[in-house]
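Have a look at the model, then follow the questions below.

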Amino acid sequence: MGLLDRLRQRLTRTRSILSDGISAIFRGGRKIDASLLDELEELLYTSDLGPAATPIVAELARLHKRGDINGEEDVRDTLREILLSKLDQTPSEFDFSSTPMVILIVGVNGSGKTTTIAKLCQRFADQGKSVIVGAADTFRAAAADQLEVWAERTGADIVRSHKDGADPAAIAFDTVEAAVSRGKDVAIIDTAGRLHTQKNLMAELEKIRRVVGRRVANAPQETWLVIDATNGQNAISQAREFTSSVEVTGLLIAKLDGTARGGALFGIKEALGLPVRFVGTGESVELLEEFEPGAFVDAILGRIE
Ligand SMILES: Nc1nc2c(ncn2[C@@H]2O[C@H](COP(=O)(O)OP(=O)(O)O)[C@@H](O)[C@H]2O)c(=O)[nH]1
Ligand SMILES: [Mg+2]
């Protein structure tokens, strides 16, 4: 099964709002008019496109007035183009030339950090990369236990402390140190959930970044913010604030399967201007997809056969 089919299968809730919604609006061969466009705007809001919905519908109205678009197919095609243009990104390939590639994972509590790390471990292992994870979420030993289970299942090494409250920066440093001495390709560092308002915890992330940079030049090469897609529009302001406190290089959008609010991804991209690296489409370890804008838009907008 290809990427598009996998996404279509997992993103049913957003698609049933958007794609089925468009079919419903046009049912009975309705023609485009002001009330139809109002309904379309409401539909886009419901799928959590948020403030982006209004200019999109204004553009559709303009094209209709000029006679450029007429029926449902035209609306779908134009929507596809507009939505795609909002996702434009050309993220660089991961650079494995200077190993270890160090990836720091950050985000609020419960957003899906540890689960997504497990998925990344699996993905890198499948690509023949050797992986080590660092449990720098040291608030609760249970957090390290959770990571350890995933590390074992995916064949990754782990660096952790067995007591609560160890220094996260020390764990992160030891992880990178072990990655170098064991010749690992990738080191992924898990961190405790935090809010941008917790100044000391945000400073701790900067400390982690500094400390690992002392062991490996340019590390962490990537700092990825995990965003919970079920928060919809609320995720946008949260992410914006987070990225103003710590340098983030990419986004991981978790839980796209569990939500009808997948349209928020457009606003998130627009607000942050950061590449979306991967999207999580379920709880199990294989349910992570590389983010491909065309497949994403087709999966939520495409007609259901
Ligand atoms: N449906 C779904 N659930 C997810 C996904 N990613 C994470 N979760 C769930 O979200 C919850 C919190 O995940 P966790 O990784 O512990 O979050 P953390 O606190 O950021 O480390 C868990 O119940 C996960 O199973 C996803 O892509 N889809
Ligand atoms: Mg966690």
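A residue counts as buried here if 20 or more other C-beta atoms lie within 10 Å of its own. Keep in mind that this is a predicted model.

Q: Is helix 6 largely enclosed or largely open, given how many of its 14 residues are buried?
A: The buried residues of helix 6 include Lys113, Ile117, Leu120, Cys121 and Phe124. In total, eleven of the 14 residues are buried. So, with the rest of the structure around it, helix 6 is largely enclosed.

Q: What length does helix 6 reach from its first C-alpha to its last?
A: Helix 6 covers residues 113–126, which is 14 residues. At 1.5 Å a residue, 20 Å is expected, and the model comes close to that. The reach is 20 Å.

Q: Is Thr138 buried or exposed?
A: Thr138 sits in the loop between strand 2 (131–136) and helix 7 (141–154). Leaving aside neighbours within four places in sequence, its contacts include Ser161, Pro168 and Ile171. The cut-off for burial is 20 or more other C-beta atoms within 10 Å. Thr138 has 22 of them within that distance, so Thr138 is buried.

Q: How far apart in space are Thr138 and Lys163, C-alpha to C-alpha?
A: In sequence, Thr138 and Lys163 are 25 residues apart. In space, C-alpha to C-alpha, the separation is 8.0 Å.

Q: Are helix 5 and helix 12 parallel or oblique to each other?
A: The axes of helix 5 (residues 72–86) and helix 12 (residues 293–301) come within 10 Å and cross at roughly 140 degrees. Angles over 145 degrees would count as roughly antiparallel. Helix 5 and helix 12 are therefore oblique.

Q: How many nonpolar residues are in the contact of helix 5 with helix 12?
A: On the helix 5 side you'll find Arg76, Leu79, Arg80, Leu83 and Leu84, which meet Pro293, Gly294, Val297 and Leu301 in helix 12. By class, that contact has two charged residues, one polar, and the nonpolar count is six.

Q: Is helix 10 roughly parallel or roughly perpendicular to helix 11?
A: The axes of helix 10 (residues 233–245) and helix 11 (residues 264–272) come within 9 Å and cross at roughly 25 degrees. Angles under 35 degrees count as roughly parallel. That makes helix 10, relative to helix 11, roughly parallel.

How values were computed:
Residues numbered from 1 in each chain as written. Chains lettered and ligands numbered in written order. Predicted model: local features only at pLDDT ≥ 70, side-chain atom pairs only at ≥ 80, totals over all residues. Helix = DSSP H or I, 4+ residues; strand = E, 2+ residues; numbered from the N terminus. Buried ≥ 20, exposed ≤ 12 C-beta atoms within 10 Å, placed from the backbone. Contact = placed C-beta atoms within 7 Å. Axes fitted to C-alpha atoms, helices over the stretch in contact; angles between N-to-C directions. Parallel < 35°, antiparallel > 145°, perpendicular 65-115°, else oblique. Nonpolar A, V, L, I, M, F, W, Y, C, P; charged D, E, K, R; others polar. Expected span 1.5 Å × (residues − 1).
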